[in-house]
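Reader: I am new to this structure. Please pick one part of it, the first chain, and take me through it closely.
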Amino acid sequence: MRRFVHFWLASLLLLPVASFAGGGQEGKAGEQKAAEEKVVTVFASSKAMADNSWTLRNDAFEKETGIKVDLQLVPGSEEDFYDKTDIAVMGGDTTDCIRLTNPLNIARYVGAGFLMPLDDLLKKVGSDPQKVFGKFLKKHDGKLLYLPYEQSIHSVYYNKKIFDEAGVPYPKAPWTWDDYIATAKKLTNKDKGIYGSYFVLDWEYYYYMIARQRNISAYKADRSSNYDTPAFKEAMKFMYDLGETHKVQPTFKEYRANKYGWDTWAATGKFGMICIGSWFTGLLTDEVTYPRDWDWGIVETPAAGPSGKNNLMAGGVWAVLKKAKHTLNAARYAAWVSERWYVEGGGIPARVNLTEAEVQDLLGGIAGKSRGSVTVADLKSALLQNSLGVVDEKVTGPKAKEYTDIIYRQAELYMSGEQPLDETMKQIKEQSDKILLQK
Amino acid sequence: MQVRSSSRLTRFTPRDSSTALLFIGPFFLGFVLFNLLPLFYSIFLSLVDFNTLGQIRTDRFVWLANYARAFADRLALASYGRSFLFSLLYVAGIIVASLFLALLLNRDLYLRTLSRTMIYMPYVANVIAIGMVWSIVLNPYNGPVNALLALVGVPEESLPQWLLGVRSSLPTLAGIKVWQNLAFQTIVFLAALQEVPRELYECAQIDGAGWWRKLFRITLPLISPTTFFLVVVTVIGSFNSFALVKALTNGGPGSATRIITLFIYEQAFKYSYYSYSNALACLLFLFILAVTVVQWRLQKRWVHY
């Protein structure tokens, strides 16, 4: 009996060891099998899994290439998506492709060495990224690590029904933020629960938007924080005043209390205007997810004064992860989806090889899906042929994630009325300098 | 089963020892794999310099540098302080509230079964659902609680901000957590109350003792071992709170509810300071251990076996 018990206990203890062993033996055979499989695995958030445009796009890819797209769900909120994929990738996950939507995450993944160089892979699958993406391509140490699928250009979208009911003419460019505020005041009608303006107050870049439009860097030459520059204080106050002083949008506390979010403007139809990236056209042309009984318009972003005639731009990318199992399929998927993301998802592609006719079609597609809300000319003048220059939407640089989190947390206190403006700027400067100048 | 008694200890036979090992083996294996090994690995990680996103590198020992960083980090120390305050509020609240409920349920109460079910429901509810419900209920602008307070004459500027106020958010979170976890403590207290001999109350009644005197002289002393157990377990649990805070406030407004567990999570998963976050976690473990040891030492003063 004793021997039996000892044998049993020893087996139990050895079981986990045995299950991990032997993995190496299938290494080479596994690689060959993976190469033959007509499948590509892609990290997808819960939102993406429910997004109709993802389904349409992946179905089209499967039909065209015969390669099955296997979405690897990363459960939880969008905010937590990269928290989880970081750990998965570090732990040796073999998922093939990932979409990086934020310049901060692109910088982190490049810096961490998580991305597979694409130059040779794309040649093998017959793709010429230079021809398609041209100036939008960015190389790191001479290597192409990702492909851009969109250029997200900011503009102001407006609810025509609210404008019509208020008897206010539609906004015309060029205009300034003072004009924006004046317009928003005319639209705001508290009795009807209408606000003239809406900003996604969860997104930290709005709290330095004005400063970015003036192309002022968040970093000084010595890498310390540039938050003692008056432009950043002005930018912070601008956002506060919209809710608390001009009362043209929900206050920060109202925003939080009512659980407003990034798609509230499209979902509720209770706000006159929103300044946001061109990816937003994807929501406005998706009447399955966002049914509406109102038309929308588009106009270029207001200028932040004579030195602030710049538009904010960002862009998302597709990349192949370094431990990808199906490298060629992944490269093919990344190239395909980057090139035609806009067809189902809306937005403006980061492509240089679109002919004038294709641009017309692209914009015509958005205009068509808008049920006549906007014309091709409206979209062209707001997004592509406007009077503004271009600057990066977000702070990117050393420890950008921590830096922008500090900005957001202090902004939260100021916007909630819990901390004066000067103290807010002082805290941002002090706390971020501590992080930025840390060795 | 043959049992040999010694003067102080009852010993098992070798056969009984083998059988006992057989039964505790599966649990022990799971404990080693999922508790002990991760704990040791966490201590190991806290001693190396693995503070960047990238390939896992654990070859550079920096010994106590991560711990020194924790003591120099004002934000980390503030988070520990918030956790301590949260724990004080939560433990006091839940012990008092659950004891009160147990005393009520220990009587012959109309709809007792229904009451017990209602007390138990929050315990099994999903934390996200709890978050959503309380966000609506405690909405300072449109919520029913503030509407009721306004109705009874509380001026608008004095209405509490609940989860949106810097000063009110942490106590509000503690209150919601008390509501969520009342069931377990109530049931344990109820079981302890039912073990108190009724004769003692009858004798006290004869001697002219009132309700309060019976409570402080009979009930509380006799259930003190259970109270001690619940206080220890609740304190440990309160320092590990994460889900509710993440769901309701995510550390805000500002850093008003950024308790240490949330801070550790952010250091690891948002900023990739893996070794530093492990050092913070080890310090939290030591802190909870110290609090538990102090409680253990102090029990002689008020726990009656």
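Author: Two strands are said to pair if DSSP finds at least two bridges between them. Helices (H or I, at least four residues) and strands (E, at least two) are themselves DSSP runs, numbered from the N terminus. The model is a predicted one, in which local features need pLDDT of at least 70 and side-chain atom pairs count only at pLDDT 80 or more, while totals for chains, interfaces and linings use all residues. Residues are numbered from 1 along each chain as its sequence is written, and chains are lettered from A and ligands numbered from 1 in the order in which they are written.

The sheet comes first. Chain A has an open sheet of three strands, in the order E7-E12-E14, and the pairing in it is mixed. Strand E7 (152-153) and strand E14 (389-392) of chain A are the edge strands; each has a single partner strand, so one side of each has no neighbour in the sheet. Between E7(A) and strand E12 of chain A, which covers residues 310-314, the pairing is antiparallel and runs over two bridges. Within this pairing, A:Ile153 is placed opposite A:Met313 of E12(A).

Next, the domains. Chain A is assigned two of them, domain 1 (37-152 + 315-354) and domain 2 (153-312 + 366-436), with bounds that come from an automatic or database domain assignment. A distance of 28 Å separates the C-alpha centres of domain 1 of chain A and domain 2 of chain A. Where they meet, twelve residues of domain 1 of chain A are in contact with 17 residues of domain 2 of chain A; contact here means C-beta atoms, placed from the backbone, within 7 Å. On the side of domain 1 of chain A that touches domain 2 of chain A, H4 and H6 of chain A each supply at least two residues. H6(A) gives the most to that side, with three residues. By class, the side of domain 1 of chain A that touches domain 2 of chain A has four nonpolar, seven polar and one charged residues. Ala, Val, Leu, Ile, Met, Phe, Trp, Tyr, Cys and Pro count as nonpolar, Asp, Glu, Lys and Arg as charged, and the others, Gly among them, as polar.

Helix H4 (residues 52-65) of chain A also packs on helix H16 (residues 327-345) of chain A, at an angle of about 130° and with the axes 10 Å apart. That angle makes H4(A) oblique to H16(A). From H4(A), the contact is made by A:Ser53, A:Leu56, A:Arg57, A:Phe61 and A:Thr65, and from H16(A) by A:Arg332, A:Tyr333, A:Trp336, A:Val337, A:Glu344 and A:Gly345. The contact of H4(A) with H16(A) has five nonpolar, three polar and three charged residues.

Last, the side that faces the other chain. Here 26 residues of chain A are in contact with 25 residues of chain B. Helix H1 (2-20), helix H5 (78-90), helix H6 (103-112), helix H13 (252-257) and helix H19 (400-415) of chain A are the elements giving two or more residues to the side of chain A that touches chain B. H1(A) provides the largest share of that side, six residues. The residues of the side of chain A that touches chain B comprise ten nonpolar, three polar and 13 charged.

Definitions and conventions: Two residues are in contact if their C-beta atoms, placed from the backbone, lie within 7 Å. Axes are lines fitted to C-alpha atoms, for helices over the stretch in contact, and angles run from 0 to 180 degrees between N-to-C directions. Angles under 35 degrees count as roughly parallel, over 145 as roughly antiparallel, 65 to 115 as roughly perpendicular and the rest as oblique.
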